Amino acid sequence: MKLSAAQLRERAAEARTHYARCDLCAHDCRVDRTRGPAGVCHEDDGLWLAGAGVHFGEEPGLVPSGLVLIGGCNLACVYCETFEFSLERRGLVRTSPEELAALLLDLSRRGARNANFVTPTHVLPALLAGLAVAREHGFALPVVWNCGGYESAAALRLLEGIVDIYLPDAKYGDDAKALELSGCKGYTTALRESLREMVRQVGPGGVIVRHLVLPGGVAAPEAVMLLVAAVSKQITINVLSQYRPVHRAAHFPLITRGAGPSEVRTAVAAAVSAGLENVLLDGRRIEASGPKPEA
Ligand code: SF4
């Protein structure tokens, strides 16, 4: 994080103006969230948290990571692993900038290497307000933006000089499937433009993309990998094999089972053949000799 506390306060104030005509993600709803929940995400201008803690399950270079779990989401994936707090908003606690700052400072004291905001884009202004307060009290950890890959250029520009590591999903290489399974139009265009802006800000070494393999090639991994590689072959791609049919997935015949080993292998091979130089499988680097998905 390069900005001073004063600069962060200015940026937070600028960001806050976006709530009145919200363009904080690629849905580009242009609704006024200061009057109450609105837009596709149905969020107001407050910050609701599901929890926070020091976590060891992230990519190797990020752990121990100071996770901040944010309620609500700008996407609506039918197979969302965190649907209780991301979509159904269960167990959330309204959190002021001062409370967020105290939480960030506590994560820092507990040995976190970074502040890792999970599903952050729809509450970007509130997060910057909390970061500004934390910065005034000496907070200096790198900031990780752990998002869905459906950001807007306006939102990402507000993060320049603040975010050190972008950790977006690359969910789909097929817009029709993105609309059907995550309720978002034009996903691949938003993803491509988001990745370009992220790389412009922090370089390809500061971008780690996650791709969750869906069964039956539904997420179009070959197209995903080509899209990422066309932005930069030096972006790190982490292929995730953990898909399970949770939330509403049982209603969508294509995704009612986990992804098989051969489907995971196909996604990894697509990343390699697209020329991506830094390929991980479930967080472990792929070398010529492995690791390989279980047969
Ligand atoms: S964050 Fe995205 S989904 Fe929510 S109101 Fe703003 S543009 Fe719409």
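**View 1. Strands β1 and β2 run antiparallel and are joined by 6 bridges.** In this predicted model, local features need pLDDT of at least 70, side-chain atom pairs count only at pLDDT 80 or more, and totals for chains, interfaces and linings use all residues. Residues are numbered from 1 along each chain as its sequence is written. Helices (H or I, at least four residues) and strands (E, at least two) are DSSP runs, numbered from the N terminus, and two strands pair if DSSP finds at least two bridges between them. Gly53 of β1 (residues 48–55) stands opposite Leu67 in β2. Because 5 of the 6 residues of β2 (residues 65–70) are buried, this strand is largely enclosed by the rest of the structure; a residue is buried if 20 or more other C-beta atoms lie within 10 Å of its own, exposed if 12 or fewer, and partly exposed in between, with C-beta atoms placed from the backbone.

**View 2. Strand β4 pairs with β2 and also with β5.** β2 and β4 run parallel and are joined by 4 bridges, and Asn116 in β4 is the bridge partner of Leu67. Asn116 also stands opposite Val144 in β5, for β4 (residues 115–118) and β5 pair in the parallel sense over 4 bridges. The chain passes from β4 through helix α4 (residues 124–136) to β5 in a right-handed β-α-β crossover, where right-handed says that, with the strands pointing away from the viewer, the path from the first strand over the helix to the second runs clockwise.

**View 3. Strand β5 is covered on both faces.** In a regular strand the side chains alternate between the two faces of the sheet. In β5 (residues 143–146), Val143 and Trp145 lie on one side, Val144 and Asn146 on the other, and all are buried. Trp145 stands opposite Tyr166 in β6, and β5 pairs with β6 (residues 165–166) in the parallel sense over 2 bridges. Together with helix α5 (residues 153–158), β5 and β6 make a right-handed β-α-β unit.

**View 4. Backbone angles of Pro64, Asp28 and His42.** Most residues other than glycine have a negative phi, and most peptide bonds are trans. The peptide bond from Val63 to Pro64, however, is cis, with omega near -5°, and Pro64 has its place in the loop between β1 and β2. Asp28 has a positive phi, near 50°, and is partly exposed, with 17 other C-beta atoms within 10 Å. His42, in the loop between α1 and β1, has a positive phi of about 55° although it is not a glycine.
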